[in-house]
Amino acid sequence: MRHRSGVAVLALAALLAGCTADPPAGPAEPAGSAGPSASPAALPDPYAAWAAGRSTPVVDPLYPKHGTDALDVLHYGLDLSWSPTRRTLTGTATLHIRPVRDAEAMTLDFKPYALDGVTVDGAAAQGTVTAEKLVVESPVKADVPVTLVVRYHGKPSTTEFPTKRGDTHPLGLTVDAEGGIWTMQEPYGAFTWYPVNEHPSDEALYDIAVTVPKGWSGIASGTPVGQQGNTFRYRSTVPVASYVTTLAVGRYKKATAAGPRGIPITYWYRSADAKYLPVLKKTPQMLDWMETKFGPYPFDSAGAVMVDSPSAMETQQLITLGSGMAERGTESFQKNTLHEYAHQWFGDAVTLTDWRDMWLNEGWALYVQQLYSRDTFGFTEADLVRSSRELDGVYRKQYGPPADPKPAEFGATNVYTCGAAMLRQLHQALGDERFFELARGWVQENLHTQQTRASFTAYVNKKTGHDFTALIDAWLDSPTTPPETGPLPAGQ
């Protein structure tokens, strides 16, 4: 279990020269503006500004070739430019990194782009891209942060999706027929457009600038912080897992709205997507509905971007919705849109530590979707109970229990349906008041942390005052659907 607690942030702030851990006012450090190397006692102020991006990376048991536990990236500054005519991405990536241990080199995930220059703390360094890894030959010391700047260019290429799902598509930065680009990258694929420690356990802060031709729009995850000429800028001042970052460029139109408490909402769509606007414009009502049950929306902006995909993705602060998915009908599109917004609470604000616990993201999001369907589309509680148990049995038999995912079957339906069925059982046992108190607390008390099955079980037991370990274990581990259980006896 790993928490980004206030104690951890303050500890890192002390490590990084004792400066404040708050992000600095004004613009972020420009990409490529690394300063000279310094001793731990006299690190430059900008490092302390990224203290909220501190993580404890782990090696993933399902996808060990992606990510490293040797580096903790505190902040990514991405200065990107896209040429639709040449189909070329040009980038300068500035990474503020806390080495976790002493090493002779740094290794990050990165697709084979041509390198135009690499520096470490302002000094030229040797960088090599091979086997989808960037190796920078520069010795580092544990807990002595460095600034790595990588300049690169090339034509994007995607990577294979390790799944047997019907809505499959290549992962990573995709070039569409008009020369636009978009990306979905779960469980990995961010390495197809920037050098990254590609694992959800290493969350970081982000500043992204996207320069595009006149008449085109550059879109990225985070809060919009302005447009200068043809350059669009975005900032994430709370931690982001690499799989929920996003990038899109195209001839987009923009619509705006205000959400709960005045949160700015932005919808990015192409002319052909205008027919989906009525559903997109339900965003304020969707967020309102979720706030009443799960507490305040956990970020300072929201919105959606439409792309040419058969799927959808919970990219942080700006969900990504595929037009192919939207074609399945208005009600289905609305449910899926709600599902991705639900992930802003369950998956983005509170993130899994490794991919074995995907049920922790998807079980919550699907259960929220089911509750919304009950409240919005006339489904009854009996409908949900019946369908939940029927589908649980089907997918548990086909894919196994949700806590035992297979690397070649990423995102199999069991991690959605069986995880949601377990939450339904908790809801039935606790009743509305205690269940929603549990759900709100899980998010609001664990904001911007990574969690695990063990930490979830411990939280449920502590919050409710009842030992639900056996119920949770049965729903996560049993090869068959566990039996129904009723409400807790009075007083428990």
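In this predicted model, the largest pocket has a volume of about 1000 Å³. Of the 44 residues that line this pocket, Arg165, Asn336, Leu366, Gln369 and Tyr416 are the closest to its centre. Strand S19 (312-313) and the helices H6, H7 (358-377), H8 (381-399) and H9 (413-444) are the elements that each give two or more residues to the lining, and the largest share, seven residues, comes from H8. By class, the lining of the largest pocket divides into 17 nonpolar, 16 polar and eleven charged residues.

Two of the helices that contribute to this lining, H6 and H9, also take part in helix pairs that can be described by their axes and crossing angles, as set out below.

| Helix pair | Distance between axes | Crossing angle |
|---|---|---|
| H4 (residues 283-294) and H6 (residues 330-345) | within 10 Å | roughly 45 degrees |
| H9 and H10 (residues 453-464) | within 10 Å | roughly 85 degrees |

The axes of H4 and H6 cross at roughly 45 degrees, and that makes H4 oblique to H6. The crossing in which H4 passes H6 is right-handed. On the H4 side, Thr283, Met286, Leu287, Met290, Glu291 and Phe294 meet Gln334, Thr337, Leu338, Tyr341, Ala342 and Trp345 of H6, and the contact of H4 with H6 has eight nonpolar, three polar and one charged residues.

For the second pair, the axes of H9 and H10 cross at roughly 85 degrees, and the two helices are therefore roughly perpendicular to each other. The contact is made on the H9 side by Met422, Leu423, Leu426, Leu430, Arg434, Glu437, Leu438, Gly441 and Trp442, and on the H10 side by Ser455, Phe456, Tyr459, Val460, Lys463 and Thr464. Sorted by class, the residues of the contact of H9 with H10 are nine nonpolar, three polar and three charged.

Most residues other than glycine have a negative phi, and most peptide bonds are trans. Aspartate 121, which is found in the loop between strand S4 (114-120) and strand S5 (123-124), has a positive phi of about 50 degrees although it is not a glycine. The peptide bond from glutamate 186 to proline 187 is cis, with omega near 10 degrees, and proline 187 has its place in the loop between strand S10 (181-184) and strand S11 (204-211).

Methods: Residues are numbered from 1 along each chain as its sequence is written. This is a predicted model: local features need pLDDT of at least 70, side-chain atom pairs count only at pLDDT 80 or more; totals for chains, interfaces and linings use all residues. Side-chain values use heavy atoms; hydrogens and water are left out. Axes are lines fitted to C-alpha atoms, for helices over the stretch in contact, and angles run from 0 to 180 degrees between N-to-C directions. Helices (H or I, at least four residues) and strands (E, at least two) are DSSP runs, numbered from the N terminus. Angles under 35 degrees count as roughly parallel, over 145 as roughly antiparallel, 65 to 115 as roughly perpendicular and the rest as oblique. A crossing is left-handed if the near helix is turned anticlockwise from the far one by less than a right angle, and right-handed if clockwise. Contact means heavy atoms within 4.5 Å. Ala, Val, Leu, Ile, Met, Phe, Trp, Tyr, Cys and Pro count as nonpolar, Asp, Glu, Lys and Arg as charged, and the others, Gly among them, as polar. On a 1 Å grid over the protein atoms alone, a cavity is a set of points where a 1.4 Å probe fits but cannot get out, and a pocket is an open set with protein on both sides within 12 Å along at least five of seven lines; lining residues have an atom within 4 Å of a point. Grid points are joined across faces, edges and corners, and a volume is the space filled by probe spheres set on the points.
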